Structure formats: structure tokens, C-alpha cells
Amino acid sequence: MVKHAKPRAFYDEFFRRGPGEKNTTYCPGCGHGNAHKLIAEAITELGIQDRTVFISPVGCSVFAYYYFDTGNVQAAHGRAPAVATGVARAREDAILISYQGDGDLAGIGMGAIMHAANRGEHMAVFFINNAIYGMTGGQMAPTTLVGQRTLTTPDGRTAGREGFPIGMCEILDKLTAPVFIERVSLGDPGRIIRARRAVKKALTNQVDRKGFSFVEILSPCPINWKMTPVEARKWLIANLEPLFPLGSFRNLEEPPAAYGYRKPVSDQELLEIFAAEKSLNLESRRGLVEDQYVKIAGFGGQGVMSAGVLLANCAIAEENNATWLPSYGPEMRGGTANAGVIVSRDQIGSPVVDHANFLIAMNGPSLDSFEDSVVPGGTILVNTSLIDRKVRRSDVKVLYAPLTEIAAQAGLTAAATVAALTMYAAETGAVSLDTIKKVIPLSIKKKSLIDVNIKAVDLAAEYHANNLRGQI
Ligand SMILES: Cc1ncc(C[n+]2csc(CCOP(=O)(O)OP(=O)(O)O)c2C)c(N)n1
Ligand code: SF4
């Protein structure tokens, strides 16, 4: 007797639709349901449910985490391979699935997939090619056929206007690192059985730690193709398959020779990294008086980002939590750049600093941009070496200091942001000057620059003590 049962890798109930529900959110006849089932069966058969991490994309399958009873992460549009890379590198035994639609993978995420494949990352990528943007209502996708009508090509895609459909298997097959590339179809039961084998092979490669496997699954989207489920399967066979030929593109026994084993950072190594910080004998400042929202802003090349990292490292070394979020202007040098740093005793939910309680303005455009966003009662430190105007606000404390000149006295104008950080620390007590001096040698790679930066700390602390203490 054949007993048909839902694979264990699926949840028993699909809560997305409510308690007790057993159906997915997909439209009748949608290929996502078939593809999910093939993957869930393979996970169950291979006994890898407990170590599988399913990365769901943006698109109709965004809610895959409601269906797969595995580890789950939902990634930003097109970034599933990048997220999978992170998990794969951190968890040596994890089985990584990057599940993506054609808009997600071949449109917005083209860069992410190419580089993950080229690095031979440990992951199985399932690429659901339905030749359209399903979730958003049927716009043209990179794989839309020439002549195919979509919401954004109402009279049919033309190669001259929108370019040709992109064959992902053909493109990836030009790279050295992938071990397995195959295109399959959900057009009829025979094809689904062949798709099943390819899905299982890609996951078996994961178990055997062979590297990057890619399965493109031609899949119907009856709703946006404006067909019945049966018509859609027929149309798929008649129209998609001639353009995207089925079959194996690559099936290597071993990863390419040049692709060496990549060892993830072990828990032990992480502990050692943290132990190194402890060996600095720093004073713990878990009793930090108030959470710090700091914005350090200037032009690119001024050391704004490194000062942010230095502050975050100092806070962590004193056993507080910290985040650092860089924001770059389009230019490498000379453009605007800013870093937001949050320091807290508690966990930090979002790293975004919209309203700083301490703004370090290293140049005029930074003061212009961020002066109004400082919270009332906050503080603005103005680099008077490069800013010749006064702060207009009357509800904030302002510290004026010639930061670039102080750094020049120390022997390095680029240390102006370290001077700024020193004044911030002296003013708020959020991190100690002692910590800054101890962490600088760990954060600066060029050893010849350590002494000048430490001198900048001393000169800035002296300036603060003599000129700014008590200033309103
Ligand atoms: C950064 C970003 N850009 C655009 C969107 C809108 N968006 C949501 S789903 C989608 C298309 C998904 O199409 P596809 O990857 O083919 O998956 P399908 O829905 O067909 O399964 C788009 C453009 C978004 N959510 N985020
Ligand atoms: S819109 Fe298309 S891809 Fe999305 S669930 Fe419906 S049939 Fe499937």
C-alpha cells in the first residue's frame, strides 16, 4: 500500500492562513507548491531537517518560513545568496537553501548570485523561473520571453527595447566554481519526477560539502499568465522549454581543484577573540548612564568611519553593546560620509541613528545636514578648523574646537576624528580615555600611526579640559 503523507520538513499546519490551515498562500496551479514539496521531501529523505537553513526571498515565496519546519531567514530582495553565505560561513554543518524567483535572482539580485556562485559557496540554489514578477502582479522579468505580454510590456517584450531573456544556467556555466547546474521543468508529472532528482542531488551535494549547486525550475504562474492551471503547464512546455532547454549543464564529482576548503570561524576562536579584549584590563561601564546615539559626519577620507568603528570597539571592550552603521556618499574621497554609532547596556534593535544626542560635525556640509536632527538637549561638537559658522539651534549644547589643527599638532591631520572622539568621551564619559588609548593599537593596522593617534588623544583631552569643560 502506498501511503501519501506530507513530508516532515513541512509544518503540520500553515499558520499564515490561520490555525489548522493546511494550504499554502499560492494560487491554484502555481509551481511554487510543487517546488516546495520536492524540496521538503528531499530534506526529509536525507534526514537534514535539523540542520537546514532555508533562506526565503522577496516574491510570492516570501512566506516560505510559514511552511518549512527548518531554520529560516527571510532576505532582502535578491540577497538570499549573500545571507546564505553568511550562515554557511558561520555554521560548518548547516545545509543552506537559497530559494529565489526570477525577479529576485536574475533582476535585483544578479550581482549577489553571480558572486556567490563564483566563490563556490556551500549552498543549494533553487531558482524558480516563471518568466514574470508574480507577487507584484505580472511585470516583465529578466526571463520574460520576447513577445510575451506582461503588465509592463502590454504589447509584448521586444528585444530592441527590453533586451533578450536571460538564461541563468548558461551564464553560471561559464564560471569555474559551481559543481552542479541543471534546468528542470514542472510541465508534467514525468518532468516533475526529473526535477525531484535534481533537487535531491543539489541537497546531497550539500551533505557531501561539495559547494555550489544550482537548479533552475521552469514553473507556471497561471494567474499572471492569465491561463488555467492546465493551459499554463502546456504553455510552459511549448514556449519556455524551447528557449530554456532542460538538462544537466554540469555535474562534477568533486569541486574544482582550485576551490579550497573554507574553514568557518569556530566558537572557540570567537571566545579567544573576546578573551583578547578582556586581557586589556578595561573598566567595565555596564552602568553607562544613558544610551548614546552618536553621529560622526564629515567628508570621505577624513576618518569618519574608522572613528565610528573605534568608538563601537571601545564600547564593546567596556562590556556594553554597540552598533556602527556607515553611510557613504557616492564619491570615494571628498564626498560626504557619516557613521551612526549606538552604545547601550541593553540589546540594540535598530542601528539607525536618525536623531543623535551627540553630533560630531567635521565639516560645513555635515553641520548643514545634521544640525536639525539632533535631539533637543543634545550636543554638537563643531570642527572650527573647517566650519566658520555658528550653530543656529539654541536648544542644544555646542562645543567649538579646532579639531584638524589639534590633530596637525599631533602630527597627523587625519587624526582629527580621533581628537573629536576624545572630546566626546571626555564630555559624556560614555567610554574612558584609557580605553580609547588601549583600543587604538588594536584598530590601527599601520603601526607607525599608533603614536600620533595617541598623541592626538592627549592633546584633545587637554584642549577639552582647558577650554570646553563647563562650556554651555
Ligand atoms: C527592494 C525591493 N524592490 C522591489 C520590491 C517589489 N517586489 C516585491 S516581489 C517583486 C518581484 C518578485 O518576482 P519574482 O522574484 O519573479 O518572484 P515571484 O513573485 O514570481 O515568485 C518585486 C519587484 C521589493 N519588495 N523590494
Ligand atoms: S502570482 Fe504566480 S507565482 Fe505567485 S502564487 Fe500566484 S501563480 Fe504562483
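The crossing of helices α13 and α14 is right-handed, a crossing being called right-handed if the near helix is turned clockwise from the far one by less than a right angle, and left-handed if anticlockwise. The structure is a predicted model, in which local features need pLDDT of at least 70 and side-chain atom pairs count only at pLDDT 80 or more, whereas totals for chains, interfaces and linings use all residues. Residues are numbered from 1 along each chain as its sequence is written, chains are lettered from A and ligands numbered from 1 in the order in which they are written, and side-chain values use heavy atoms, with hydrogens and water left out.

Helix α13 (residues 403–410) packs against helix α14 (residues 416–428) at an angle of about 110 degrees, their axes lying 8 Å apart; helices are DSSP runs of H or I with at least four residues, numbered from the N terminus, and axes are lines fitted to C-alpha atoms over the stretch in contact, with angles running from 0 to 180 degrees between N-to-C directions. This angle makes α13 roughly perpendicular to α14 (65 to 115 degrees). Between helix α15 (residues 433–443) and helix α16 (residues 450–468) the packing angle is about 165 degrees and the axes are 9 Å apart, so that these two helices are roughly antiparallel to each other (over 145 degrees). The crossing of α15 and α16 is likewise right-handed.

Around ligand 1 there are 16 residues, of which H32, D102, D104, G134 and M135 come nearest, a residue being counted if one of its heavy atoms lies within 4 Å. Helix α3 (residues 102–108) contributes the largest share of this shell, four residues. By class, the shell has six nonpolar, eight polar and two charged residues, where Ala, Val, Leu, Ile, Met, Phe, Trp, Tyr, Cys and Pro count as nonpolar, Asp, Glu, Lys and Arg as charged, and the others, Gly among them, as polar. Polar contacts (pairs of N or O atoms within 3.5 Å) place an oxygen atom of ligand 1 at 2.5 Å from a side-chain N or O atom of D102, an oxygen atom at 2.8 Å from a polar backbone atom of G134, and an oxygen atom at 2.9 Å from a polar backbone atom of M135. Taken alone, ligand 1 exposes 590 Å², of which the protein buries 72% (Shrake-Rupley method, 1.4 Å probe).

The shell of ligand 2 consists of Y26, C27, C30, H32, C60, N130, G134, C221, P222 and N224, and divides into six nonpolar, four polar and no charged residues.

Note on methods. Polar contact = N/O pair within 3.5 Å; in protein donor to acceptor, adjacent residues only side chain to side chain. Parallel < 35°, antiparallel > 145°, perpendicular 65-115°, else oblique.
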